[in-house]
Each structure stands twice: as C-alpha cells, then as structure tokens.
Amino acid sequence: MASSYAGLPRAGVLRRLGAWLYDFLVVVALLMVAGFVCFGLTALALHLGWIGLGEHEDTAALLSASRGYQLILLGVVLGFYCWFWRTSGQTLGMRAWRLRVQNTDGSRLRLGQCLVRAVAALLGLGNFWIWLNPRSKLALQDKLAHCEMVVLTKEQNKELLSR
C-alpha cells in the first residue's frame, strides 16, 4: 500500500506554509490546554503546600521559570507533529492541503525521522530552503530527515482520511 504514494509530485513552499498555518492554530490551542492543566496542577500543589512560590510572585511566574513546564510545552509540540507524521504522514493542516510526508518509497516515517524533521523545520522557516533548491523541492527538514512532502490527489487524500 505504501508504494501507491511513491512518485507523487513534491509540495511547494506556499502549499506547505498553508498547512503550517492550519497546524500552528491547532498547536496554539493544544499549548493553551497544556498551560491551563499545568497552571491548575501548580495552583493545587501550592494550595496543598506541596511546593512554595520561593522567589516568584505568583503561579504564572513560577511556571514561566520552570524548565519542567518548558519541556512539557516542547513535548506537546513534538508529540503533535511526531504522532501525526508517524501514524498517517499527515497533520490536520496537511490533510486540508492534501499533503503527506513520507519516505521516497511512499512508506511512513520512523520516529527518529519525525524528531529530526520537527527540529529542523525551525518553526516553518526550513520550508524556504526549497527556494534555494527549486528542482528538488526539498525543504531543510526533508533533506536532514531523508524524506519528502508530496501532494496527494483528492482520491488518495480521501483514502487516507477513511483509515
């Protein structure tokens, strides 16, 4: 089944950025939920006396200074992208724009590739690498993770959505 996605045309910058914008909105919402949960748990721990504010003036300042909180937020972002890329090759934004990230043989990415791709994307800026290499249409994250982003037909996109 993976081979049916091999040989598809690679996505250009504008289509990729359109999908990135959709995903950005979803990720912001997820970060808000994670922040709400972390804030609530921290406030509860403060109320129960399990932790103290220390030199911080309030719960928000305590969280902002916490490396653990920053790692949780990073984990939410990496988890979002890696889960979608690993399971179907498509995030929510990529589904809307009929894009799929895959190996050149059409197979799904491995977890290590997903992590390399997420870090190398540089908040979407890695997509502009395509303009330096217009014939290959590979973004920086594609080159470093040894994968490609392709444009699906409407039928192929529907097939992936129905799984």
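This is a predicted model: local features need pLDDT of at least 70, side-chain atom pairs count only at pLDDT 80 or more; totals for chains, interfaces and linings use all residues.
Residues are numbered from 1 along each chain as its sequence is written. Local features need pLDDT of at least 70 and side-chain atom pairs count only at pLDDT 80 or more, while totals for chains, interfaces and linings use all residues; side-chain values use heavy atoms, without hydrogens and water.

The largest nonpolar core has 18 residues, and Trp85, Met94, Leu99, Val101 and Leu109 have the most contacts inside it. Such a core is a set of buried Ala, Val, Leu, Ile, Met, Phe, Trp, Tyr and Cys residues joined through side-chain atoms within 4.5 Å. Buried means under 20% relative accessible area, exposed over 50%, and partly exposed in between (1.4 Å probe, protein chains only). Among the elements that each supply at least two residues are α1 (13–47) and α3 (67–87), and α3 gives the largest share, five residues. Helices (H or I, at least four residues) and strands (E, at least two) are DSSP runs, numbered from the N terminus.

Salt bridges number four in the structure, each a side-chain nitrogen of Lys or Arg within 4 Å of a carboxyl oxygen of Asp or Glu. One joins Glu148 and Arg10 (2.8 Å, N to O). Glu148 lies in strand β2 and Arg10 in the segment before α1, so this pair ties together parts 138 residues apart in sequence. Glu148 is buried, at 5% relative accessible area, whereas Arg10 is partly exposed at 26%.

Arg16, Arg117 and Asp142 are linked in a network of salt bridges. Asp142 is buried, at 1% relative accessibility, and Arg16 is buried at 3%.
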